[in-house]
Amino acid sequence: MILTAECKIRHVGIDQVYFKFEKKYQDFIVADASPFAAALLIPSMKMGQDLVIEGSISRELQDGMKEIIEKTASWNLGLKPIAILASEVRPDTLSQTDKNASFFSGGVDSFYTYLKHKERSDKIDYLILANGFDISLDNPGLWDQTCETVDDIASSEGIEVIKVESNIRGLIEPVLIWDYTHGGCLAALGLSLRSGLKNVYIPSSLAIGQLLPWGTHPELDARWSTEKISFHHDGADTKRVDKVRFIAQNPLALKHLRVCYINAKDKFNCGVCDKCLRTMTNLCITGKLSEAETFPRNIDLELIKTLSVCNKQKAILHEENLEELKKLGIEKELQAHLRDMLKDFYAPKFDSRKTIKKACYYFMEGLNQIMLIDFFYNQSRLHKMKMFLQKKLQKISEYYSRIFKERNAR
Ligand SMILES: [Zn+2]
């Protein structure tokens, strides 16, 4: 079952955007233009182009999107206020259901949202898993591995997994990075499925008090709702360390937790990146690291020494961990390394650091401009070349990891 639309996301050419669902969910699908409008709102604002829709969208969604425009235009991301010009706007008149769903990646936030709702009247009936969002369409191995895990979780819990595939990320990312556009794309999936769902939970990434401009946000998510379906930003009232404390009591989470964004071959969690090490510290605080099956059993302090904090969001999360370790009076050496790392972030020793940071910022901005020019005038050839090289590099790394494995087995 495929929902498609021809979208003019760039100044030249027409792109075919699609959302592909399993046939068994065909009764859930609403084939209006609402999902495409949600996914393309923020990219249109970045381009300063009105969102023109030749099709029908929900009236409540249109009102909500106007509020999203107002809010995000004030974020200083270069998002311009635009008009929404739909050829038809009407309220949803679909029959009501009582089914709830949540986006689920197997990470801390999505496990927290699922488990929190489990014993309540608003329990979650469906987990929504997207191919082409956090997992690249070019990484079928990781997708299969993730499906296997989430299927295992769902069958243990007696619930279902709705699997979706979409090419939207590859089309909008050259306009604006995923950090700011993923909220509208998640909403697009819920809007596509709204005939079969009443509530959709969007697990929060940050807690209240730590909020930054971000694609999913307590002030945005509910505004993607229609007369039929409600979106809820979930879990922002709980700090990450407390989320881990809660989910670490559940054997299913300890068996399947996946937080890593490195996507290393054959490894759910690489155990060496910032996010893995932060989560391992969380688990250490709860006393459950040795029981978490998808992580190394111990934190390698030499790896902690190599970490550096590059933004305020990460600094806040490391500070949370340091505070908890101090309160418990454990892992003194780990505390010392975290303290040094944070000191280096807030009071850098060398002035040159500021200059390097600034240069990095301008380099990234320049790169964004190159990607835009590539998108508008070069039919994304550079972007395609980048994807091609990524694919080749992945194949090479797969080849060598196979060789090493075979060698070790001998
Ligand atoms: Zn990792």
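Before I start, a word on conventions: residues are numbered from 1 along each chain as its sequence is written. Since we are looking at a predicted model, local features need pLDDT of at least 70 and side-chain atom pairs count only at pLDDT 80 or more, while totals for chains, interfaces and linings use all residues.

Let me begin with the domains, whose bounds come from an automatic or database domain assignment. The chain is assigned domain 1 (2-234), domain 2 (259-346) and domain 3 (361-409), and the C-alpha centres of domain 2 and domain 3 are 28 Å apart.

Next, the core. A nonpolar core here is a set of buried Ala, Val, Leu, Ile, Met, Phe, Trp, Tyr and Cys residues joined through C-beta atoms within 7 Å, and a residue is buried if 20 or more other C-beta atoms lie within 10 Å of its own, exposed if 12 or fewer, and partly exposed in between, with C-beta atoms placed from the backbone. The largest such core has 87 residues, and those with the most contacts inside it are Ala37, Ala38, Leu41, Ile128 and Ala188. Helix H1 (residues 34-47) gives the most to this core, namely nine residues; helices are DSSP runs of H or I with at least four residues, strands are runs of E with at least two, and both are numbered from the N terminus. Because domain 1 (2-234) and domain 2 (259-346) both contribute residues, this core lies between them.

Now the helix pair. Helix H11 (residues 312-328) packs with helix H12 (residues 332-346) at an angle of about 145°, their axes being 10 Å apart, where axes are lines fitted to C-alpha atoms over the stretch in contact and angles run from 0 to 180 degrees between N-to-C directions. Among the residues that meet are Leu322 and Leu325 in H11 and Leu338 and Phe345 in H12, a contact being two C-beta atoms, placed from the backbone, within 7 Å.

Finally, two loop residues. Gln49 lies in the loop between H1 and strand E3 (51-58), and it counts as partly exposed because it has 17 C-beta neighbours inside 10 Å. Gln49 and Gln335 are 286 residues apart in sequence and 49 Å apart in space, C-alpha to C-alpha. Ile135, in the loop between strand E6 (126-131) and helix H4 (140-157), is 126 residues from Tyr261 in sequence and 8.9 Å from Tyr261 in space, again C-alpha to C-alpha.
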